[in-house]
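Open your viewer and get ready to pick residues as we go.

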Amino acid sequence: MARKDALPIKIRPLQPNDLPGIMLLHRELGWNPAFKADGSTLGQRLAALITEENALLLVAEHDRAVVGYVHGEIVTHLLFAARELYVTELFVIAEARGRGVGKTLMAAIENEAATRKCFRISVLNSRERDSYRRGFYPSLGYEERPSVASFTKRLDWG
């Protein structure tokens, strides 16, 4: 497969007016069924996250359009007496994949994590995703922890 040219992008903090671009990206990815079609649910969540001290939201912009974003949350561990950045989402629109957008977003959030004195970055990546099959995170120096199992439990509180 021929390598695609790098896409010239600008990385910046996510702003409320990025909602339409984030909505398009989510729809391309299959859209969260909890989100209302008018974007109000997603808009409320973004508005809340933008103001949270421990949330990091960065977008990749090309020709004034959002082509990807990364969301991370800083968690403080008692065991390590330190802060860790947990990357919860990294999404890039289909036509921009393989053009350095994800790599640039990860570099930007790594820099921000270092600035905020995080000792580690963790990423949860589904083995079914293309990024896992392509080895995206290992190509950036991330190591898969074979000794760790990931568990979730859904809490229906509202």
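Here is a short tour of this predicted model.

Begin with Asp18, in the loop between β1 (10-13) and α1 (19-28). Show its side chain together with that of Arg12: the two make a polar contact at 2.6 Å. Is Asp18 buried or exposed? Asp18 is buried, with a relative accessible area of 6%. Beyond its neighbours within four places in sequence, Asp18 is in contact with Arg12, Pro13, Val59 and Val66.

Next, select Ile22. Leaving out residues up to four places away in sequence, Ile22 touches Leu14, Leu42, Leu46, Val59, Val66 and Tyr69. Ile22 is also one of the residues with the most contacts inside the largest nonpolar core, which has 37 residues. Colour the elements that give two or more residues to this core, including α1, α2 (40-51), β3 (65-77) and β4 (82-92). Which element gives the most? That is β2, with 6 residues.

Now move to α3 (101-115). This helix has 15 residues and reaches 21 Å from its first C-alpha to its last. Select its buried residues: Val101, Gly102, Leu105, Met106, Ile109 and Ala113. Looking down the helix axis, you will find them within an arc of 125 degrees, so they line one face of α3. They pack against β1, β2, β3, β4, β5 and α5.

Finish just after α3, at Lys117, where phi is positive, at about 65 degrees.

Methods:
Residues numbered from 1 in each chain as written. Predicted model: local features only at pLDDT ≥ 70, side-chain atom pairs only at ≥ 80, totals over all residues. Heavy atoms only, no water. Helix = DSSP H or I, 4+ residues; strand = E, 2+ residues; numbered from the N terminus. Buried < 20%, exposed > 50% of the residue type's maximum accessible area, 1.4 Å probe, protein only. Polar contact = N/O pair within 3.5 Å; in protein donor to acceptor, adjacent residues only side chain to side chain. Contact = heavy atoms within 4.5 Å. Core = buried A, V, L, I, M, F, W, Y, C linked by side-chain atoms within 4.5 Å. Expected span 1.5 Å × (residues − 1). Arc of directions from axis to C-beta.
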